[in-house]
Amino acid sequence: MHKGSEKNILYVEDEPLTRELTVKFLSRFFPNIYTASDGIEGADIFKKEGIDILVTDLSLPNMSGFELIEEIRSQTPDFPIIVTTAYREQAENLENVKVVYKPVSLAELHQTLLEISA
Amino acid sequence: MNLDSILQFLKENINDLTTRLAKVAEKNGYFAYTPTSMVSWKMYVKGILLSLEKFSENKSPAEIKPDADYPSNPFEEFLQTEVLIHRRRGLSLEMFLGLFKHFKIEIMHMLKENGFNEKEIWPFLLTFEKGEITIINCWRDKKLDVEDSKHFEEIRKFSEDKNKYLEILNSFSFPIVFFDDSAKPKLVNNYAEELFGTLDSRNTIVYSYDNFLLPEWVSKLAVKFMNEEYKEKKEKVVYGNNTFHVGMKKIYDAKGDFKGISAIFSDISDLEHTKNEAEKYRYILENSLNEIYIFNRNNFKFVDVNRGARLNLGYSLNELKQMTPVDIMVDFKSMGDFRKQINRLTTGEVEYLVLEATHRRKDGSTYIAEAHVQKMGINGEILFVAIVSDVTKTKSIEKELRELNQNLETRVQEEMHKRLQNEKALLEQKKFADMGQLISAIGHQWRQPLNALGLYVQSIRFWYEHGELTEENIREFERESMELIHSMSSTIDEFRNYFATNEKPKTFDAIDVLLNVINIMSSEMAARNIRYSLKCHCSWKKTQFDYEDGCINGCEKGVALVYGYKDKFRQCLINLITNSIEAIVANNVQKGNIKIEVDAMNPENLIIFIDDNGGGVPQSIANNIFDPYFTTKHEGLGTGLGLSFVKNIIDKHMGGQINFRNTYEGVTFILTLPKKKVNANA
């Protein structure tokens, strides 16, 4: 149950309360977690830090989650990505991503991260 | 110069000349031996002039001499014949010569009276003197003496008788001609002479009595009749433009011997013309496809019914003559009914009647007829004339049209009903669409707070399991959760306002609403240290409000009346002011200021300016600020409905306009609303 990973995780979420609560939970299992509140900040961190896994919302100010994913995938096509979104139809257009729908189940997000980092 | 000018003059004045000569003859007692009718005299004068004309042709005045011997002298020939005739009538040479001299003198008088001089008249006198010699020579011819002496008395008597008969014949006002037993004209009365003289334009010298100027056809007619077996004959003869009715009768003496022919002519040209015209019109009427009925004024029996009517009805004219209009018009139950209608014509109440009636044919079938009946006087007889059209086709077309119209009406009503139904359905659809929009908009707004709430709920168990569930955690959980719940609740309110349709439009005072909004928002503005003011320009008075004084002084009521949705309008103002507040806060403006000005001076529109110093609208989004769901705020903070809602209300529900312009420090929103006019008496 209390499993985790040392992998570097980037979590992009514009809603502060959601970001705060989610990170508070995930950091117990994944100590190396970075956060960003919009796409540009996310892309910035991604370039600077050696990120292994991306967890992102799709609807983001300044630079959307789609754009961020596109940019990362253009460098590394198989980069592991988890999308958290409330809009199923949006996520369905993305290939080769794991999706955790909002309202987010923390257990589901934990399990998905474990699977992807294995 | 010859006799031309004189003869021309005399010919032109032949009537005058004839009268003068006849008077001279009468005065000197010659009428016992000459005809007395002016027509005969005119013929005689015409003969003199024509023979003179022929004589003088191609002759110079110098050539005309009394003793000259001409190879041919028409004037002399004319005179010789006249001598012969007058000798037989019993005139003496002295008498005839005297008459001739009288004529000569009379003509000379006439010429002088009319401006001819002696020199001009001279050749004429010479000619006449030559004529006198001719008369004397001719009269003294021995042959004539011998021939005439035997019958002299008899001839003279006969001439007198002939003159008597002529007088009688001349008293008839129609042309009469007597032919002798060889069908040569023997007696011609004035009318005949005049008529045939006028008809015949042959330029022939006319000798008195013996040579009647009769057209050839008249003589031929007599010859033809003479050789026929009939004793009497009536014939119609067309001569030129004239038509004659000729009644001829053979004359027999006591012994039964054929003595001649009497012929009475009547010029029936006018009658013929009238008849032809009548025939023509009759033909037109008879063959017209309009039905024409003529019926008696008393018993209403048909007098005449044209072919068109007979064909349609199937009755013969003889059958119809025994019938009345009531017999064919189904609509009239009795003669009395019909008479009542016709009386309107008889009394002159109406000039014509239009009767629409069903006509029954002989075979029992019917047709719809429209009759125009008129009273007419024909040859002094009062008749009714009905011109009838078979309007069965028209009627059936009318009926079709009527039915079509009725169908159309029904169809229009159906279509209207359908349209109403459609509109209803559309309205329903719109309601559903609105509802769908509402749900989707609320859903969109609720996603994040719902997600956050979910995370909180899950966190509680997590914290508890890890022994981290402190009182502080619990309080934080409650506070944050309630905030999220309030946010979600207010989202519902906001969208409900936007989609609400139950508010009724009414007239309200925009100033009242502005004051109300300022009152509501004053505490929030005060809390953020934002200064606000309201200026109303009406009747050149200024009223200013600020956060210290929220009441109205000296402002005239009713200058800012507008028509529309008061609550929605209030929401608009709240949205706009809220935007200003948020902009001021977001841009950390230290001395926030919101100025509201109302221009009530314009008679048509009320203009409201909402001005702030919150930094203005960035150029990049200036074109999008009124788009629905467009927001500059992070998700969850703004619905993006604010300005689109405001524009929608101002445009659609208030009939006004909303514009904005960036100022040095911020932005000014300008609302233009049509004023609701107040009745001056109210």
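**View 1. The order of helices and strands in chain A.** From its N terminus onward, chain A runs β-α-β-α-β-α-β-α-β-α. That gives five helices and five strands; helices (H or I, at least four residues) and strands (E, at least two) are DSSP runs, numbered from the N terminus. This is a predicted model, in which local features need pLDDT of at least 70, side-chain atom pairs count only at pLDDT 80 or more, and totals for chains, interfaces and linings use all residues. Residues are numbered from 1 along each chain as its sequence is written, while chains are lettered from A and ligands numbered from 1 in the order in which they are written. The mean pLDDT (the predictor's confidence in each residue, from 0 to 100) of chain A is 90. Confidence in chain A is highest in strand 1 (residues 9–12), at a mean of 96, and lowest in helix 4 (residues 88–91), at 79.

**View 2. A cis peptide bond in chain A.** Look for the bond from A:Lys102 to A:Pro103: this peptide bond is cis, with omega near -5°. A:Pro103 sits in the loop between strand 5 (98–101) and helix 5 (106–117) of chain A.

**View 3. Where the two chains touch.** Chain B brings 15 residues to the contact and chain A brings 14; two residues are in contact if their C-beta atoms, placed from the backbone, lie within 7 Å. On the chain B side, helix 15 (residues 392–465) gives the largest share, 11 residues. Sorted by class, the chain B side has five nonpolar, seven polar and three charged residues. Here Ala, Val, Leu, Ile, Met, Phe, Trp, Tyr, Cys and Pro count as nonpolar, Asp, Glu, Lys and Arg as charged, and the others, Gly among them, as polar.

**View 4. The largest nonpolar core.** A nonpolar core is a set of buried Ala, Val, Leu, Ile, Met, Phe, Trp, Tyr and Cys residues joined through C-beta atoms within 7 Å. A residue is buried if 20 or more other C-beta atoms lie within 10 Å of its own, exposed if 12 or fewer, and partly exposed in between, with C-beta atoms placed from the backbone. The largest core holds 41 residues, and B:Leu514 and B:Val598 are among those touching the most other members. Helix 18 of chain B supplies the largest share, eight residues. Leaving aside neighbours within four places in sequence, B:Leu514 is in contact with B:Leu534, B:Leu573, B:Ile596 and B:Val598. Apart from this core lies another, of 28 residues, including A:Ile9 and B:Leu455.

**View 5. Two crossing helices in chain B.** The axes of helix 17 and helix 18 of chain B come within 10 Å and cross at roughly 35°; axes are lines fitted to C-alpha atoms, for helices over the stretch in contact, and angles run from 0 to 180 degrees between N-to-C directions. The residues of this contact divide into 10 nonpolar, one polar and three charged.

**View 6. Positive phi angles in two loops.** B:Ala183 is not a glycine, yet its phi is positive, near 65°. You will find B:Ala183 in the loop between strand 1 (176–179) and strand 2 (185–188) of chain B. B:Ala183 counts as partly exposed because 18 other C-beta atoms lie within 10 Å. B:Asn529 also has a positive phi, of about 60°, although it is not a glycine. B:Asn529 belongs to the loop between helix 17 and strand 12 of chain B. B:Asn529 has 12 C-beta neighbours inside 10 Å, so B:Asn529 counts as exposed.
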